[in-house]
Amino acid sequence: MKRIFSGIQPTGNVTLGNYLGAIKNWVALQNEASCDCIFCVVDQHAITVQKNIGALKRSTQETAACLISAGIDPVNSILFNQSQVEEHMKLAWVLGCLTRVGWLNRMIQFKDKANQDKDNASAGLWWYPVMMAADILAYKGTHVPVGDDQKQHIELARDIARSYNFAFGVEFFPLPQAQILSKSFRIMSLCDGKKKMSKSDSSDMSRINITDNADTIAHKIKKAKTDSYSLPSETGGLVGRAEAQNLITIYAALSNKSVEVALLEYGGCGFGRLKRDLAELAIEVIRPIRMEVHRLMSDIKYIDNVLKKGSARASALSKPIVKEVYDTIGFLST
Ligand code: TYM
């Protein structure tokens with residue numbers, strides 16, 4: 001049985017990048033009989049950058065609402081918010097003591113997010129990948145469906161799991177595997193095809209949010225950066241054309257086609273037709289999700305109740321695992 005674990009930060013709007021790179025995959029996995037799924041709104045991770053403090057409760061509820069609206073079934077899967085299950089933090093301390101400083105210093109995301117000013121970034125931001133390993137290992141997660149940007153963190157989680165098993169001469173933690181959807185591995189900004197589409201980008205025009213209405217989506221796609229050439233018919237023609245690559249990737253992911261097939265449709269055309277079709281498709285996919293988010297957000301008690309039940313189930317799974325770690329380490333339990 002695969003044990004799937006994945007998480008999302010409640011740092012603002014859930015984007016089309018989150019949906020195509022991760023959430024769509026979570027929904028598919030939860031419907032596979034051989035998978036046992038745990039999905040977490042990682043609110044503790046969200047405070048590694050100060051700007052999220054203040055709006056956190058509402059963002060946590062809205063992120064949970066987006067997941068449910070996109071198809072996560074909180075009965076079939078476990079859906080909860082990280083801060084309510086103390087096992088994550090308890091395990092993170094132990095794992096942090098097995099993690100080398102050099103490993104954390106190599107994390108690309110820390111370098112990106114610290115924005116060249118590492119000394120002023122929070123220690124939490126630097127230590128974040130240890131917590132992420134604890135999130136997964138507290139449940140002995142075996143498979144981690146994520147976007148391509150998280151690959152290095154999952155590799156680190158494997159190193160940490162290996163390090164624990166080796167230190168104590170046990171085969172306790174499985175080595176978790178990243179599960180990355182090849183079709184939509186990385187959705188890029190609409191303003192700069194070399195930058196990831198991100199909830200935290202200062203420009204709202206750079207992303208499509210799951211809560212955007214039809215006019216906003218159409219406007220953002222119309223204004224998306226392009227180049228002045230027509231679209232190629234083969235993938236080789238996308239090299240060095242980040243924006244063309246991105247728009248066709250989004251189109252392909254939304255229409256469940258390969259980029260190759262999408263290019264057969266649009267090769268030789270200008271961006272106008274692709275943008276028109278893409279806007280129509282994005283609106284069609286996002287509309288029902290957005291409407292459901294609105295409905296759920298007017299019933300906050302329901303969301304809170306889902307997260308409460310999810311936290312209780314997550315605690316029940318992780319408690320015995322973390323207890324065994326504490327016993328193995330030799331922490332005296334009085
Ligand atoms: P976060 O909140 O940045 O993103 C949530 C998920 O969405 C994927 N994603 C993307 N995929 C494709 N294109 C994009 N532009 C894009 N933007 C985001 C991410 O890869 C991710 O899968 N560190 C994680 C949260 C986390 C976690 C975990 C994940 C905490 N603990 C344990 C897995 C397991 C993060 O910041 O995701």
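Which helix is Ser 69 found in? I looked it up in this predicted model, and Ser 69 turns up in helix α3, which covers residues 56-70.

Then I listed its contacts, skipping neighbours within four places in sequence. That left Ile 289, Glu 292, Val 293 and Leu 296.

On to the aromatic rings. How many aromatic pairs are there? I get nine. I picked out Trp 26 and Phe 39: their ring centres are 4.7 Å apart and their planes sit at 5°, so I call this pair stacked. The two come from distant parts of the chain, 13 residues apart. Trp 26 belongs to helix α1 (residues 16-30), while Phe 39 belongs to strand β2 (residues 35-41). Trp 26 is buried at 1% relative accessibility, and Phe 39 is buried too, at 0%.

I also looked at Tyr 164 and Phe 172. Here the ring centres are 6.0 Å apart with planes at 45°, so this pair is tilted. Both Tyr 164 and Phe 172 are buried. They're also part of a cluster: ring pairs link Tyr 164, Phe 168, Phe 172 and Phe 173.

Last stop, charges over rings. Which residue has its charged end over the ring of Phe 172? I found Lys 140 there, 3.9 Å from the ring centre. I noted Lys 90 as well, which lies over the face of Tyr 326 at 5.2 Å from the ring centre.

Notes. Residues numbered from 1 in each chain as written. Predicted model: local features only at pLDDT ≥ 70, side-chain atom pairs only at ≥ 80, totals over all residues. Heavy atoms only, no water. Helix = DSSP H or I, 4+ residues; strand = E, 2+ residues; numbered from the N terminus. Contact = heavy atoms within 4.5 Å. Phe/Tyr/Trp six-rings, centres within 6.5 Å; stacked < 30°, edge-to-face > 60°. Buried < 20%, exposed > 50% of the residue type's maximum accessible area, 1.4 Å probe, protein only. Lys NZ or Arg CZ within 6 Å of the ring centre and 35° of its normal.
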